Amino acid sequence: MKRSQASGIIIVILLLHLNQGVSGQIPGFKNIKWEREKIAPGLVWKSSHCTIYDTVPQNINILIINTGKRRMSLWYNYKKNTPVSSQAIEAQAIAAINAGFFNIQYGGSVTYIKAGGLISEPDTATRWKQGTDRNGSLLIDANGEVTISEKMSNSWYDFHTEYPDVLVTGPLLLAGNTKVPLSSSSLVKTRHPRSVIGVVNSHKVILLTLDGRTDQAAGMSLQEVTDLMISLKCSDAVNLDGGGSTTLWIKDKPFNGAVNMPCDNKLFDHSGERSVSDVLIIK
């Protein structure tokens, strides 16, 4: 074999290896075996207590939403933080997940938020420091279609009234089937509990929670989360608030509806819900 031919074969092999994540074949997640339950038409819950990369324990929950049959929106109380379960029950939701970053002490979002077309605080930009990690946004239009994109200016969201629900969050993980470069911050590199939203196509959205900070669940870095979202066939994805806030709630389930293991009580159980300012609800 000529040297040029051998070099060409090596390049092809390397390209196939580098593109492995795009095809959804992520070796680190081969041990995930899902339990599946249909919650309602257009809403499926999958869960797995598993290991990734052969040795790392994880507890994963996902909701798969058909937005043609179910409607997702933001629910926000800018005056008082309350648990995801309380807000979901008040909103008469079928399911809910914690959403954006907020002020734990005083309440209220610390990024731009618009819920039901209402801007409760006209200039949330005065309440937070812009940075590379909050570089994404979640937009839900009047028809319920979900879009994940890079962050725009507050005035852009004010003007575009076709999106009654808007949340600035981050980091942005995937955009158009391409990994978005991540910073080297501890939020990105350290394994934490995570809440994430991903778009598969115009009618399919995934909500994901990863538990962490216990021996039974390590959490994930955001590089690992990005690979997981690729394996779930998401084309676009963005990180939500995580850590002790991470909570996935489903109506009529035990433990007041918390199906993951919220860790604000530092235990691997269902009782560690944190009070938050805003949630994503599904009806």
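Biologist: Why is the pair Arg191 and Glu224 called a salt bridge?

Modeller: A salt bridge is a side-chain nitrogen of Lys or Arg within 4 Å of a carboxyl oxygen of Asp or Glu. In this predicted model, the closest N and O atoms of Arg191 and Glu224 are 2.5 Å apart. So the pair meets the rule.

Biologist: What makes this pair a tie between parts of the chain?

Modeller: Arg191 lies in the loop between helix 4 (186-189) and strand 13 (194-201), and Glu224 lies in helix 5, so parts 33 residues apart in sequence are tied together. Helices (H or I, at least four residues) and strands (E, at least two) are DSSP runs, numbered from the N terminus.

Biologist: Why is Glu224 called buried?

Modeller: Buried means under 20% relative accessible area, exposed over 50%, partly exposed in between (1.4 Å probe, protein chains only). Glu224 has 10%, so it counts as buried. Arg191 has 34%, so Arg191 counts as partly exposed.

Biologist: What makes helix 5 mostly covered?

Modeller: Helix 5 spans residues 222-231, and eight of its ten residues are buried. Among them are Leu222, Val225 and Ile230. Lys233 follows the helix, with a positive phi near 70 degrees.

Biologist: What ground rules apply here?

Modeller: Residues are numbered from 1 along each chain as its sequence is written, and side-chain values use heavy atoms, with hydrogens and water left out. As the model is predicted, local features need pLDDT of at least 70, side-chain atom pairs count only at pLDDT 80 or more, and totals for chains, interfaces and linings use all residues.

Biologist: How confident is the predictor in this chain?

Modeller: pLDDT is the predictor's confidence in each residue, from 0 to 100. The chain averages 90, and 88% of the residues score at least 70. Over residues 1-24 the pLDDT is below 50. Where pLDDT is low, the predicted coordinates should not be read in detail.

Biologist: How do you know that Lys30 and Asp54 form a salt bridge?

Modeller: Their closest N and O atoms are 3.9 Å apart. That falls within the limit, so the pair counts. Lys30 sits in the loop between helix 1 and strand 1, and Asp54 in the loop between strand 2 and strand 3. Lys30 is exposed, because its relative accessibility is 57%.

Biologist: Why is the pair of Phe29 and Tyr53 called tilted?

Modeller: Rings of Phe, Tyr and Trp (its six-membered ring) pair if their centres lie within 6.5 Å; planes under 30 degrees apart count as stacked, over 60 as edge-to-face and the rest as tilted. Phe29 and Tyr53 are 5.7 Å centre to centre, with 55 degrees between the planes. So this pair is tilted. Phe29 is buried at 7%, while Tyr53 is partly exposed at 32%.

Biologist: What makes Arg134 a charge over a ring?

Modeller: The rule asks for NZ of Lys or CZ of Arg within 6 Å of the ring centre and within 35 degrees of the ring normal. Arg134 lies over the face of Phe101, at 4.5 Å from the ring centre.

Biologist: Why is Ser277 called buried?

Modeller: Its relative accessible area is 0%, so Ser277 counts as buried. Leaving aside neighbours within four places in sequence, Ser277 is in contact (heavy atoms within 4.5 Å) with residues including Trp75, Phe102 and Ser109.
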